[in-house]
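Subject: The structure you asked about

Hi,

Here is the structure I promised to pass on. Have it open while you read, and my notes follow below.

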Amino acid sequence: KRVVRLKGGDPFVYGRGGEEVIACRAAGIPVEVVPGLTSIVSVPAAAGIPVTHRGVSASVHVVNGQAEITGATLAAIADDAVTTVVLMGVAALPRLVHAAIAAGAPIHRPVAIVESGHTPRQRTTRTTLGSVVDDAAGVQNPAVIVIGEVAHPDLLMPHLASAESALTRTGDPHR
C-alpha cells in the first residue's frame, strides 16, 4: 500500500513539503520525496524566458508573493543583473510594484507573467514594471511573475520583437 501526494513543482519551494515530511515521520510513516523541477525555472522556460542569461542576469531572487516585501526584494527588482521570480503573487502584484517603484526600481524594467505554465491554457503577458498593474488585469493564478531584463520580449529573438508594442499577450509559449 502506498500513498502518493503529487504536487506540481518542487515540494520544498513554498510547497510545505518539509512540514509534510515532519508530520509523516512523527506519525511513523516512511517518506520518500521525489523532487520535481521547480516552477521558478520551468514555467519561465516554457514561455521562452531563461531566468539567467550570460551578460544579462547572473542571479535569481525568489519571492513568495504573499509574504512581506523585504529590502532584499526591492534591491533585487532595482538591480539590472538580477531576475526576480514571484510565486503566488498575482493578488499582491500592485503592492509589490508600487513598493519597488517607490524604492527606485526603473519603470521600464521588463516583466512577464506566465499563467497556467505547461498547460494548453498557458498565456504570457509581457509588459514593464510601470505598466504591469494595468496590463495584468484579468491575469489569474496559477502564474509565475518574472521581473528583470530576461523578460524583455526580444532577448532571444530580437528580429521578431522590433515591430511589437510593449505589451504582448499570447498563448504562444515563446512570446
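On a 1 Å grid over the protein atoms alone, a cavity is a set of points where a 1.4 Å probe fits but cannot get out, while a pocket is an open set with protein on both sides within 12 Å along at least five of seven lines; a lining residue has an atom within 4 Å of a point. Grid points are joined across faces, edges and corners, and a volume is the space filled by probe spheres set on the points.

Two notes on the source. This is a predicted model, where local features need pLDDT of at least 70 and side-chain atom pairs count only at pLDDT 80 or more, though totals for chains, interfaces and linings use all residues. Residues are numbered from 1 along each chain as its sequence is written, and side-chain values use heavy atoms, with hydrogens and water left out.

How many cavities of 30 Å³ or more does the count come to? The count comes to two, and the largest cavity holds about 60 Å³ of space. Its lining includes Val63, Asn64, Gly65, Thr73, Val86 and Leu96. Strand 1 (59-64) and helix 4 (93-102) are the elements that each give two or more residues to that lining. (Helices, H or I with at least four residues, and strands, E with at least two, are DSSP runs numbered from the N terminus.) Sorted by class, the cavity lining has six nonpolar, four polar and two charged residues. Here Ala, Val, Leu, Ile, Met, Phe, Trp, Tyr, Cys and Pro count as nonpolar, Asp, Glu, Lys and Arg as charged, and the others, Gly among them, as polar.

The largest pocket has a volume of about 760 Å³. It is lined by 21 residues, and Val3, Val4, Arg5, Val31 and Glu32 lie nearest its centre. Twelve of the lining residues are nonpolar, three polar and six charged.

Asn64, one of the residues lining the largest cavity, is found in strand 1. Is it buried or exposed? Asn64 counts as buried because its relative accessible area is 19%, and buried means under 20%, exposed over 50%, and partly exposed in between (1.4 Å probe, protein chains only). The side chain of Asn64 reaches the backbone nitrogen of Gln66 at 2.8 Å. Leaving out residues up to four places away in sequence, Asn64 touches Tyr14, Leu87 and Met88, where contact means heavy atoms within 4.5 Å.

Met88 sits in the loop between strand 2 (82-87) and helix 4. Met88 has a positive phi of about 55° although it is not a glycine, and with a relative accessible area of 31% it is partly exposed.

Now look at strand 3 (residues 110-115), where six of six residues are buried. Pro110, Ala112 and Val114 point one way from the strand, and Val111, Ile113 and Glu115 point the other way. In a regular strand the side chains alternate between the two faces of the sheet.

Which strands does strand 3 pair with? Strand 3 pairs with strand 4 (residues 123-128) in the antiparallel sense over six bridges, and with strand 5 (residues 143-147), also antiparallel, over five bridges. Two strands pair if DSSP finds at least two bridges between them.

Val144 lies in strand 5 and is buried, at 5% relative accessibility. Among the residues that Val144 touches are Ser39, Val43, Val86 and Ile113.

The peptide bond from Asn141 to Pro142 is cis, with omega near 0°, and Pro142 is in the loop between helix 5 (132-135) and strand 5. Ser116, in the loop between strand 3 and strand 4, has a positive phi of about 50° although it is not a glycine. At 10% relative accessibility, Ser116 counts as buried.

**The whole chain**

The protein chain has six helices and six strands, running α-α-β-α-β-α-β-β-α-β-α-β from the N terminus on. Buried residues make up 39% of its 175 residues.

Cheers

Conventions: Polar contact = N/O pair within 3.5 Å; in protein donor to acceptor, adjacent residues only side chain to side chain.
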